[in-house]
Amino acid sequence: MRGMIFELKMFCRSFFPFCVYIVKVWKKKEENKAAWRIFSLKELHAATNNFNYDNKLGEGGFGSVYWGQLWDGSQIAVKRLKVWSDKAELEFVVEIEVLARIRHKNLLTLRGYCAEGQERLIVYDFMSNSSLLSHLHGQHSAECLIDWKRRMNIAIGSAEAIVYLHNHATPHIIHRDIKTSNVLLDSDFQAKVADFGFAKFIPDGATHVTTRVKGTLGYLAPEYAMLGKASESCDVYSYGILLLEIASGRRALQKLNLTSNRSITDWALPLAREGNFRELADPKLNGNFVKDELKRLIVVALVCAQKKPERRPTMLEVVELLKGEAKDKLANLENKLFKSWRSADDKDEIREDKADSISEKKDDTPKPESKVAETVQEDKDVDSKSEFKVAESISEEKDDTPKLEYKISDSGSESAQER
Ligand SMILES: Nc1ncnc2c1ncn2[C@@H]1O[C@H](COP(=O)(O)OP(=O)(O)OP(=O)(O)O)[C@@H](O)[C@H]1O
Ligand SMILES: [Mg+2]
């Protein structure tokens with residue numbers, strides 16, 4: 001009997017590593033199956049009917065996006081760089097480098113890229129239901145295809161994608177351009193977060209990087225727009241704005257007249273404070289929404305889009321809150337949110353924020369050690385193996401004051417991009 005047990009033990013010992021090996025090989029095979037590849041320009045010309053105008057899906061700051069079909073019948077979206085420049089090249093390389101490292105059900109999958117001469121093209125999975133922007137404010141908005149259930153699903157799916165970037169990618173990634181045109185929808189209306197051209201890697205142990213400001217007006221967290229402090233919390237702010245758009249069907253910035261805009265938070269906060277959630281709901285929903293979920297979504301949105309970054313939740317908490325798994329936490333946050341608005345009038349809030357920004361600006365003298373450890377300046381955020389990153393760090397060192405140049409993009413959203 002003892003002999004048998006011994007033999008069984010020996011068998012398990014030798015069999016276990018073999019099983020582990022088989023699983024590893026199988027996993028690698030699966031990963032390789034999903035991996036991206038390099039496309040030739042010829043292949044992409046053939047797939048898109050020579051970048052025919054009829055194949056054009058849209059246009060953004062980087063260039064035009066075309067629908068295409070590969071020889072195996074699979075559908076792709078090809079983003080083609082408009083005009084070559086160092087800056088565009090950087091955006092191209094960052095997008096490839098980030099997308100090639102990550103894989104999540106709610107992130108757009110990279111199929112590959114093409115770099116021939118001055119042509120730069122990025123190939124993605126084709127998303128047949130276009131962008132969230134097109135359903136909320138654009139060409140599909142009249143069709144009312146995103147009912148309340150789909151909206152909740154899109155909200156949670158996009159949040160999970162950002163949780164992945166902030167917590168599970170190595171190194172951690174901040175997106176820096178979360179907005180409705182960068183949330184694409186597949187054939188089942190599942191959210192796929194896209195566009196990593198402005199993304200930043202956050203080294204281990206760091207809480208933020210100081211950088212020049214990139215992103216889109218209406219979605220920029222105040223501390224980032226004013227001081228160039230990019231952190232996970234900036235994505236939380238932008239996500240809050242996106243949530244408000246999902247709930248209300250309104251744009252991040254509403255034009256009041258020729259010279260002034262009103263932010264969606266300035267419109268939503270007073271209504272939410274009065275408990276007027278029905279008024280906040282997108283009229284296109286015709287009252288067809290789950291009341292509790294609408295309220296939850298709006299409260300989470302407003303908590304995310306608070307001016308002070310330390311008051312915003314993490315994306316992990318956001319997912320919990322949206323799923324209704326942290327009711328007490330939500331009630332607590334809601335109390336704090338509305339209490340701070342009841343106790344301090346708007347003037348105080350503004351004064352407080354100004355004081356903050358002044359103390360931050362003065363803070364260019366050596367910082368206490370713990371702070372230095374947390375702050376990663378761009379010149380340290382360099383992977384010496386990666387040429388494009390070195391180039392970026394040099395250009396960022398030249399000018400460390402955040403500069404904004406505003407442009408109106410095709411989608412009608414204003415973008416702030418660095419120059
Ligand atoms: N993978 C895709 N599948 C289907 N449509 C896509 C895909 N990628 C992009 N598009 C379409 O192309 C449009 C343009 O995308 P692009 O990312 O270039 O610009 P944008 O997001 O509108 O603006 P910005 O340049 O400020 O990011 C999108 O709004 C979307 O409708
Ligand atoms: Mg985009």
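Lys 79 counts as buried because it has 24 C-beta neighbours inside 10 Å; a residue is buried if 20 or more other C-beta atoms lie within 10 Å of its own, exposed if 12 or fewer, and partly exposed in between, with C-beta atoms placed from the backbone. This is a predicted model, in which local features need pLDDT of at least 70 and side-chain atom pairs count only at pLDDT 80 or more, while totals for chains, interfaces and linings use all residues. Residues are numbered from 1 along each chain as its sequence is written, and chains are lettered from A and ligands numbered from 1 in the order in which they are written.

**Lys 79**
- You will find Lys 79 in strand E4; strands (E, at least two residues) and helices (H or I, at least four) are DSSP runs, numbered from the N terminus.
- Setting aside neighbours within four places in sequence, Lys 79 is in contact with Phe 62, Gly 63, Val 65, Leu 121 and Ile 122, where contact puts the two C-beta atoms, placed from the backbone, within 7 Å.
- An unreviewed UniProt entry includes Lys 79 in its "binding site" annotation; UniProt positions follow the numbering used here, feature names are shortened, and annotations may be inferred rather than shown by experiment.

**Around ligand 1**
- Ligand 1 is surrounded by 25 residues, and the closest are Gly 58, Gly 60, Gly 61, Ala 77 and Ser 181; to be near a molecule, a residue needs its C-beta atom, placed from the backbone, within 6 Å of it.
- Strand E2 (56-59), strand E4 (75-81) and helix H4 (132-136) each contribute at least two residues to this shell, and E2 gives the most, with 3 residues.
- By type, the shell holds 11 nonpolar, 11 polar and 3 charged residues; Ala, Val, Leu, Ile, Met, Phe, Trp, Tyr, Cys and Pro count as nonpolar, Asp, Glu, Lys and Arg as charged, and the others, Gly among them, as polar.
- Domain 1 (37-126) and domain 2 (132-337) each provide at least three residues of the shell, with domain bounds taken from an automatic or database domain assignment.

- Helix H7 (residues 232-248) has 17 residues and reaches 25 Å from its first C-alpha to its last, close to the 24 Å expected at 1.5 Å a residue; the expected span is 1.5 Å times one less than the number of residues.
- H7 is mostly covered, with 17 of its 17 residues buried, and just after H7, Gly 249 takes a positive phi of about 75 degrees.
- The 14 residues of helix H10 (residues 291-304) should span 20 Å at 1.5 Å a residue, and the end C-alpha atoms agree, being 20 Å apart.
- In H10, 11 of the 14 residues are buried, including Lys 295, Arg 296 and Cys 304.

- Ala 221 sits in the loop between strand E12 (215-216) and helix H6 (222-227), and is buried, with 28 other C-beta atoms within 10 Å.
- Beyond four places in sequence, Ala 221 is in contact with Ser 233, Cys 234, Tyr 237 and Pro 309.
- Lys 200, in strand E10 (residues 200-202), counts as buried because it has 24 C-beta neighbours inside 10 Å.
- Lys 200 and Val 94 are 106 residues apart in sequence and 8.4 Å apart in space, C-alpha to C-alpha.

**The protein as a whole**
- The secondary structure comes to 15 helices and 18 strands, and buried residues make up 37% of the 419 residues.
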